[in-house]
Amino acid sequence: PDGEMNAPNVINISKRFNSFRALLLKTIVMHGDKANRVKLLKRYIEVATECLNDLHNYETPLIIYAVLNSSIILELKETCREVKKIIILKNQWNYLIELYNGSFDAVRQEMQLNPVVVPCFLSIRQELLRNDTSRKDITPQGLNNILKHKTSS
């Protein structure tokens with residue numbers, strides 16, 4: 001109930017995650033043709049893999065993982081079976097499941113090995129915390145430290 005007031009950024013990130021997940025699910029489900037659904041799932045898995053391997057972006061693959069692991073997609077058994085026939089896609093799908101399943105320890109390890117290149121909430125959070133602790137609220141002249149507040153907001 002107090003989330004909007006106490007943690008508006010977290011609420012906004014959650015809303016963005018849910019709306020993007022819903023959009024991806026809608027684009028898959030609205031196709032009556034299995035071949036088109038297979039193409040879309042294939043492309044989403046490729047995007048997730050590219051984000052992880054090339055961009056070291058961990059948010060987009062998490063959303064795609066949520067789509068792949070949703071009951072809506074898992075009910076499309078024939079579509080999933082067709083995607084998994086392509087061995088590389090099956091391996092990439094399984095990797096996403098392993099990476100994001102459970103406690104996120106695998107994601108933390110991956111982020112330590114491959115630091116985030118593309119800005120995302122997880123990466124800028126540390127920078128914001130560093131700015132908050134290293135800069136004073138008031139400058140030596142007795143003014144509000146606008147730079148600190150501008151960076152943090």
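**Exercise 1.** Is arginine 43 buried, partly exposed or exposed?

*Solution.* Begin with the source of the coordinates: this is a predicted model, in which local features need pLDDT of at least 70 and side-chain atom pairs count only at pLDDT 80 or more, while totals for chains, interfaces and linings use all residues. Residues are numbered from 1 along each chain as its sequence is written, and side-chain values use heavy atoms, with hydrogens and water left out.

Next, take the classes: buried means under 20% relative accessible area, exposed over 50%, and partly exposed in between (1.4 Å probe, protein chains only). Arginine 43 has a relative accessibility of 43%, so it counts as partly exposed.

**Exercise 2.** Which residue forms a salt bridge with glutamate 46, and how far apart are the closest N and O atoms?

*Solution.* Step 1: a salt bridge is a side-chain nitrogen of Lys or Arg within 4 Å of a carboxyl oxygen of Asp or Glu. Step 2: the partner of glutamate 46 is arginine 43, with the closest N and O atoms 3.4 Å apart. Step 3: both residues are in helix α3, three residues apart, and are therefore separated by about one helical turn. Helices (H or I, at least four residues) and strands (E, at least two) are DSSP runs, numbered from the N terminus. An α-helix has 3.6 residues a turn, so residues three or four places apart point the same way. Step 4: glutamate 46 is partly exposed, at 28% relative accessibility. Step 5: Lys42 joins Arg43 and Glu46 in a network of salt bridges.

**Exercise 3.** Where is histidine 56, and what does its side chain reach?

*Solution.* Step 1: histidine 56 sits in the loop between α3 (34-55) and α4 (59-68). Step 2: its relative accessible area is 13%, so histidine 56 is buried. Step 3: the side chain of histidine 56 reaches the backbone oxygen of leucine 52 at 3.1 Å.

**Exercise 4.** Which residues of α7 are buried, and what covers them?

*Solution.* Step 1: check the length of helix α7 (residues 87-100). The expected span is 1.5 Å times one less than the number of residues. For the 14 residues of α7 this gives 20 Å, and the end C-alpha atoms are 20 Å apart, which agrees. Step 2: the buried residues of α7 are Leu89, Gln92, Trp93, Leu96, Leu99 and Tyr100. Step 3: they fall within an arc of 130 degrees seen down the axis, so they line one face of the helix. The arc is taken from the directions from the helix axis to the C-beta atoms. Step 4: the face turned away from the buried side carries the exposed residues Ile87 and Glu98. Step 5: the cover over the buried residues of α7 includes α3, α4, α5, α6 and α8, where contact means heavy atoms within 4.5 Å.

Definitions and conventions:
A polar contact is a pair of N or O atoms within 3.5 Å; within protein, one must be able to donate a hydrogen and the other to accept it, and residues adjacent in sequence count only if both atoms are side-chain atoms.
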